[in-house]
Amino acid sequence: MHQEGTRQHGPPHHLFAQGVVAVETLRSDLEVRTKFLDQVAAHTPDHRLLDDFGTLRVVFGILLKGGQDIRVDSLLAFAQVSLLQAVRRLRAMNAEVEVVAIRR
C-alpha cells in the first residue's frame, strides 16, 4: 500500500511512480522479494503470497484537501496522466490497482 497526502508529501505522480518501482523491484530482484516474503510470513504465516506470487495488488491511498472523494477530476491533469501510465505498467506486471481516498 502506498499512501500520501497530496500537500504534505509531494505530488501524487511521485506516489504512482513509487508503486511501479515497488512492483518492478519485487518482480525482478530475488533478494528483495525474499526479504519481503520473510516479512509477510512473520506477520501473516498463511498469506496467499507465500504460496503464489502471481498477482500482486497495489493500493494507492490518497488524502485530498478537505477529504474530498477521488474522482476523475479530483487530480490535476498531470497526475491523471501519471496514474493512467502507472496503472498500465502495473497491469502489464500482473498487478491489480486500486485508488482509495484516505479519510481523517
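This is a predicted model: local features need pLDDT of at least 70, side-chain atom pairs count only at pLDDT 80 or more; totals for chains, interfaces and linings use all residues.
**Colour by pLDDT.** The chain averages 86, and 87% of the residues score at least 70. Now compare two elements. Strand E1, residues 2-5, has the lowest mean pLDDT of the chain's elements, at 51. Helix H2, residues 30-43, has the highest, at 96.

**Select residues 12-28.** This is helix H1, with 17 residues. From first C-alpha to last, H1 reaches 25 Å, close to the 24 Å expected at 1.5 Å a residue. Show the side chains next. Which residues of H1 are buried? They are Pro 12, Leu 15, Phe 16, Gly 19, Val 20, Val 23 and Leu 26. An α-helix has 3.6 residues a turn, so residues three or four places apart point the same way.

**Select Phe 16 and Phe 60.** A search of the whole structure finds one aromatic pair. Here the ring centres of Phe 16 and Phe 60 are 5.1 Å apart. Their planes meet at 80°, so the pair is edge-to-face. Phe 16 sits in helix H1 and Phe 60 in strand E2, residues 56-63, so the pair ties together parts 44 residues apart in sequence. Phe 16 counts as buried at 1% relative accessibility. Phe 60 counts as buried too, at 0%.

Ser 82 is in helix H3, residues 77-92. What does Ser 82 touch, leaving out residues up to four places away in sequence? Its contacts are His 13 and Phe 16. Ser 82 has 15% relative accessibility, so it counts as buried; the cut-off is under 20%.

Note on methods. Residues are numbered from 1 along each chain as its sequence is written. Side-chain values use heavy atoms; hydrogens and water are left out. pLDDT is the predictor's confidence in each residue, from 0 to 100. Helices (H or I, at least four residues) and strands (E, at least two) are DSSP runs, numbered from the N terminus. Buried means under 20% relative accessible area, exposed over 50%, partly exposed in between (1.4 Å probe, protein chains only). Contact means heavy atoms within 4.5 Å. The expected span of a helix is 1.5 Å times one less than its number of residues. Rings of Phe, Tyr and Trp (its six-membered ring) pair if their centres lie within 6.5 Å; planes under 30 degrees apart count as stacked, over 60 as edge-to-face and the rest as tilted.
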